[in-house]
Amino acid sequence: MLFERDQNGVEASGGEGKGVVRVDKVVFGGPQVVLIAGPCTVESRNQLLDIAGAVKEAGAVMLRGGAFKPRTSPYTFQGLCAKGLEYLAEARAMTGLPFVTEVLETAHLHDVAQVADMVQLGSRNMHNSVLLRAAGSCGKPVLLKRGMSARIEEYLLAAEYVLQGGARHVVLCERGIRTFETMTRFSLDLNAVPLLKERTWLPVIVDPSHGTSVSRLVTPMARAAVACGADGLIVEVHNRPEQALCDGKQSITLEAFAAMVKGVRDVAEAVGRTL
Ligand code: PEP
Ligand code: MN
């Protein structure tokens with residue numbers, strides 16, 4: 001496999017700079033835990049600029065926000081699409097934060113990759129090998145989320161598809177899996193973090209928002225993720241979670257995010273990293 005380590009934990013293939021993925025000034029897989037934050041969905045210019053300014057101030061180094069949304073129901077808000085990308089670019093210009101946003105289908109890849117700093121492949125598309133390969137050759141780093149029902153082995157093979165497309169810049173993201181538990185929508189599988197890091201040289205980040213689906217669980221699980229070796233976090237933050245068009249229940253407020261950063265920083269320092 002393209003990302004495998006040998007028995008000594010050394011990269012078995014590849015070239016320069018492996019194990020590290022750069023997005024603008026942001027480095028995944030280095031000593032710093034990368035903090036990505038922003039709304040689930042770009043809802044309006046004001047909403048995004050408000051949130052972007054606040055997360056930057058609190059310590060985020062990258063912005064997230066969906067313009068094309070993969071919704072479970074076709075009757076819910078599907079995103080602002082091209083307009084959303086425009087607002088994301090404006091938020092980047094305002095804050096200096098590079099942004100990651102999801103690509104839903106191959107037809108959008110070119111347009112999204114042209115403006116985004118990093119392309120996100122979502123949980124629902126992890127089995128879409130055509131999109132995975134195409135994303136691997138889009139010229140931008142790829143954030144590949146784990147399928148919500150995918151075994152780790154299947155997830156590794158999905159990453160292999162992206163790498164086969166030509167990308168060397170792939171970051172993995174554990175985002176919770178379906179289990180028999182009903183008090184949370186997904187169960188955050190933190191086993192995946194050390195396991196993936198044992199098997200690959202790709203950086204691994206964690207999404208405690210989708211992974212828990214409950215805003216009050218986000219900070220404790222973000223701390224746990226960093227404790228077990230995550231190279232970064234991607235967190236949903238909203239200026240008015242109760243009015244969010246998507247994933248409000250798992251979105252934390254701007255104030256909660258600022259508090260979260262402090263709590264996560266303590267853990268990062270305890271495990272020899274920075275934030
Ligand atoms: C998201 O990041 O907003 C998202 C839809 O994530 P996932 O693909 O993990 O459900
Ligand atoms: Mn979401």
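Reply: Let us begin with a term: a residue is near a molecule if one of its heavy atoms lies within 4 Å of it. Please keep in mind as well that this is a predicted model.

Me: Which residues come nearest to ligand 1?
Reply: There are 13 residues around ligand 1, and they can be sorted by kind: two are nonpolar, four are polar and seven are charged. Out of the 13, the ones that come nearest are Arg64, Lys69, Ser123, Arg124 and Arg175.

Me: How many Å separate a polar side-chain atom of Arg175 from an oxygen atom of ligand 1?
Reply: A polar contact is a pair of N or O atoms within 3.5 Å, and that is the cut-off to keep in mind here. The side chains of His210 and Glu236 each have an N or O atom 3.4 Å from an oxygen atom of ligand 1. For the polar side-chain atom of Arg175, the distance to an oxygen atom of ligand 1 is 2.6 Å.

Me: What percentage of the area that ligand 1 exposes when taken alone does the protein bury?
Reply: The space that ligand 1 takes up is the largest pocket. Taken alone, ligand 1 exposes 290 Å², and the share of this that the protein buries is 97%.

Me: Which residues are the protein donors of the manganese ion (ligand 2)?
Reply: The donor residues follow the sequence spacing C-x169-H-x25-E-x10-D. Their donor atoms lie 2.0 to 2.4 Å from the manganese ion, and they belong to Cys40 (SG), His210 (NE2), Glu236 (OE) and Asp247 (OD).

Me: How many residues apart in sequence are the parts that His210 and Asp247 tie together?
Reply: His210 lies in helix α7, which covers residues 208-212, whereas Asp247 is in the loop between β10 (232-236) and α9 (254-270). The pair therefore ties together parts whose separation in sequence is 37 residues.

Me: Where is Asp24, a residue with a positive phi that is not a glycine?
Reply: The phi of Asp24 is about 55°. Its place is in the loop between β1 (21-23) and β2 (26-28).

Me: What is the phi of Ser213?
Reply: Ser213 is found in the loop between α7 and α8 (215-227). Although Ser213 is a residue other than glycine, its phi is positive, with a value near 70°.

How values were computed:
Residues are numbered from 1 along each chain as its sequence is written. Chains are lettered from A and ligands numbered from 1 in the order in which they are written. This is a predicted model: local features need pLDDT of at least 70, side-chain atom pairs count only at pLDDT 80 or more; totals for chains, interfaces and linings use all residues. Side-chain values use heavy atoms; hydrogens and water are left out. A polar contact is a pair of N or O atoms within 3.5 Å; within protein, one must be able to donate a hydrogen and the other to accept it, and residues adjacent in sequence count only if both atoms are side-chain atoms. Accessible areas come from the Shrake-Rupley method with a 1.4 Å probe; for residues, only the protein chains shown count as cover. On a 1 Å grid over the protein atoms alone, a cavity is a set of points where a 1.4 Å probe fits but cannot get out, and a pocket is an open set with protein on both sides within 12 Å along at least five of seven lines; lining residues have an atom within 4 Å of a point. A molecule sits in a cavity or pocket if more than half of its atoms lie within 2 Å of its grid points. Ala, Val, Leu, Ile, Met, Phe, Trp, Tyr, Cys and Pro count as nonpolar, Asp, Glu, Lys and Arg as charged, and the others, Gly among them, as polar. Donors are N, O and S atoms within 2.8 Å of the metal (3.2 Å for Na, K and Ca); water is not among the atoms, so sites may look incomplete. Helices (H or I, at least four residues) and strands (E, at least two) are DSSP runs, numbered from the N terminus.
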